[in-house]
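This report describes the core packing and strand pairing of one protein model.

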Amino acid sequence: LGQRGLAVWLHDPRSTWAAKEDPGEIKGAELHLPGLIEGRYTLVWLDTWRGNVIAAATHTAPGKHVDKPLEPTVVRVPPFKRDIALVMTRQAIRNP
């Protein structure tokens, strides 16, 4: 986790080269991340087998309160088989 974003790889442990059956699709998963620096983030979900974009979205991290830690970030994971990658990039702040 850096100041400009992060990259995450999620893998279904049932999906191995030795698996005789297709483990099926994972649906309804959530990714719990530590608190992010305030700002807007671009989320890009990638199919690691084909290299294409599965989904894209934005997330706005709230500002930090002086007397409280950063709030954890929860992101919904799109349905996937085998594995999936997330690239989350903090958008540049534009001054008016």
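## Core and strand pairing

Not counting residues up to four places away in sequence, leucine 43 touches Ala55, Ala56, Ala57, Thr58, His59, Val75, Leu86, Val87 and Met88, where contact means heavy atoms within 4.5 Å. The model is predicted: local features need pLDDT of at least 70 and side-chain atom pairs count only at pLDDT 80 or more, while totals for chains, interfaces and linings use all residues. Residues are numbered from 1 along each chain as its sequence is written, and side-chain values use heavy atoms, with hydrogens and water left out.

Leucine 43 is found in strand β3; strands (E, at least two residues) are DSSP runs numbered from the N terminus. The C-alpha atoms of tryptophan 45 and arginine 82, 37 residues apart along the chain, are separated by 14 Å.

Threonine 73, leaving aside its neighbours within four places in sequence, is in contact with Leu31, His32, Leu33, Pro34, Gly35, Leu36 and His59. Leucine 33, not counting residues up to four places away in sequence, touches Leu6, Val8, Pro72, Thr73, Val75 and Met88.

The largest nonpolar core has 15 residues, of which Leu6, Leu31, Leu33, Trp45, Leu86 and Met88 touch the most other members. A nonpolar core here is a set of buried Ala, Val, Leu, Ile, Met, Phe, Trp, Tyr and Cys residues joined through side-chain atoms within 4.5 Å. Two or more residues of this core come from each of β1 (5-11), β2 (30-33), β3 (39-46) and β6 (83-90).

Strand β3 pairs with β4 (residues 53-61) in the antiparallel sense over 8 bridges; pairing requires that DSSP finds at least two bridges between the strands. Within this pair, valine 44 stands opposite alanine 56 of β4. The β3 and β4 hairpin has 6 residues between the strands, and its glycine 51 takes a positive phi near 85°. Strand β3 also pairs with β6, again in the antiparallel sense, over 6 bridges. Here leucine 46 stands opposite alanine 85 of β6.

How values were computed:
Buried means under 20% relative accessible area, exposed over 50%, partly exposed in between (1.4 Å probe, protein chains only). Helices (H or I, at least four residues) and strands (E, at least two) are DSSP runs, numbered from the N terminus.
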